[in-house]
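Trainee: I have a structure to study and would like to learn how to read it. Could you take me through the features one by one?

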Amino acid sequence: MLNEKATVARHEDIGSGYRYLALSSPLVSSQARPGQFVHVKVPGLEDSALRRPFSIFDADGDMLTLLYKKVGRGTAALNLVKEGDTVEVLGSLGRGFPAACSGTALLVGGGYGIAPLHFLAKRLPGRKIVFAGGRTESDILAADRFAALGVETRFATNDGSLGEKGFVTLPLDAEIERLKAAHEPFELFTCGPDGLLKAVADRALAAGVPGWISMDRHMICGVGACYACVQKTVRGNSRCCIEGPVFPAEELVWE
Ligand SMILES: Cc1cc2nc3c(=O)[nH]c(=O)nc-3n(C[C@H](O)[C@H](O)[C@H](O)COP(=O)(O)OP(=O)(O)OC[C@H]3O[C@@H](n4cnc5c(N)ncnc54)[C@H](O)[C@@H]3O)c2cc1C
Ligand code: FES
């Protein structure tokens, strides 16, 4: 784990309030693995302010990219950083996704949950299909970046403006049925709102295949000391920042 003073290389709007923040962060970038996160000291907040956790959207050479949305005080301050500014980044943190998958990898994301799935799609060998859902077309993030990776994508929106009309579980269930009928192995990987995580975990358990679930829990220290981020598992309380954020589906206890 490293605390690196990174330099802002690009800060780019991508619509719907989301932005890419590209940081020159050679040390953290070289260690980063898909599903891990960084804990960012946001410039402009007082020194005693808590850091904010963000998934790694991409780590490429020296460059570490985050995908984030302004939702409160910390992300509002982060929104103000400019090219050339320094941002302190602690990382890379947590237990990410596995580095290999047997059969087709089905990556299911919602909202900013798509961020770690982009990095995973880039690094994971073999066939991958990305499933992304939202209320409307503009909620589907980074579609161009997945296309640039050459990864298959299936979209669903509540209003039908992009892909199938309905929840993302519609195209997901169709693909699961197809793979099961063809006796082809597959694994599930997900990050997003809790409802989606549980839906994907349930499907992995029902199909008897590995499911890798990235939990989003409020964090304070990010390094295992405060127990703010506990998730109930079959092994008791687990810290999302150390034992997670990615957990095997069969270990999670939903409340
Ligand atoms: C492992 C992990 C990875 C994350 N990755 C990303 C990412 O890639 N992109 C991104 O935009 N955000 C990500 N988040 C959420 C991000 O950390 C929060 O949005 C951020 O800390 C909010 O800070 P704030 O001061 O702006 O908002 P606050 O003022 O602290 O909160 C504003 C609102 O956001 C809600 N909020 C705060 N933290 C979270 C959270 N963890 N999950 C859901 N809602 C929250 C609060 O309940 C409140 O309603 C991640 C969180 C975790 C735990
Ligand atoms: S955030 Fe402190 S233990 Fe996880």
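Mentor: Gladly! Let us begin with pairing: two strands pair if DSSP finds at least two bridges between them. Strands are DSSP runs of E with at least two residues, helices are runs of H or I with at least four, and both are numbered from the N terminus. Now the case here: in β2, Tyr18 is the bridge partner of Gly15. A word on the source: this is a predicted model, in which local features need pLDDT of at least 70 and side-chain atom pairs count only at pLDDT 80 or more, while totals for chains, interfaces and linings use all residues. Residues are numbered from 1 along each chain as its sequence is written, while chains are lettered from A and ligands numbered from 1 in the order in which they are written.

Trainee: In which sense do strand β1 and strand β2 pair, and over how many bridges?

Mentor: β1 (residues 2-15) and β2 (residues 18-24) are antiparallel partners, with 7 bridges. β2 is joined to β6 as well, by 7 bridges, and these two run antiparallel. One pair to find on your screen is Arg19 with its bridge partner in β6, Tyr68.

Trainee: Is His183 exposed or buried?

Mentor: His183 counts as exposed because it has 6 C-beta neighbours inside 10 Å. Its phi is positive too, about 55°, and it is not a glycine. Look for His183 in the loop between α5 and β12.

Trainee: How do I read a whole sheet? What is the order of the 7 strands in the open sheet?

Mentor: Reading across, the order is β11-β10-β9-β8-β12-β13-β16, with mixed pairing. At the edges are β11 (164-165) and β16 (246-248), each of which pairs on one side only. Inside the sheet, β9 (residues 128-134) and β10 (residues 152-157) pair in the parallel sense over 6 bridges. There, Val130 stands opposite Thr153 in β10. As you look, keep a general rule in mind: in a regular strand the side chains alternate between the two faces of the sheet.

Trainee: Which strands does helix α6 lie across?

Mentor: For packing, two residues are in contact if their C-beta atoms, placed from the backbone, lie within 7 Å. Angles run from 0 to 180 degrees between N-to-C directions, with axes being lines fitted to C-alpha atoms, for helices over the stretch in contact. Helix α6 (residues 194-207) lies across β8, β12 and β13 (211-214), and it runs at about 165° to β13.

Trainee: Which domains does the domain assignment give?

Mentor: Domain bounds come from an automatic or database domain assignment. Here it gives domain 1 (2-93) and domain 2 (104-251). Their C-alpha centres are 22 Å apart. The contact between them takes 21 residues from domain 1 and 20 residues from domain 2.

Trainee: Which residues are the closest to ligand 1?

Mentor: A residue is near a molecule if its C-beta atom, placed from the backbone, lies within 6 Å of it. Ligand 1 is surrounded by 20 residues, the closest being Tyr68, Gly72, Gly74, Thr75 and Tyr112. Elements giving two or more residues to this shell are β4 (52-55), β6 (63-69) and α2 (73-78), and β4 has the largest share, 4 residues. For classes, Ala, Val, Leu, Ile, Met, Phe, Trp, Tyr, Cys and Pro count as nonpolar, Asp, Glu, Lys and Arg as charged, and the others, Gly among them, as polar. The shell has 10 nonpolar, 5 polar and 5 charged residues.

Trainee: Why does ligand 1 lie between domain 1 and domain 2?

Mentor: Because both domain 1 and domain 2 give residues to the shell around ligand 1.

Terms used:
Buried ≥ 20, exposed ≤ 12 C-beta atoms within 10 Å, placed from the backbone.
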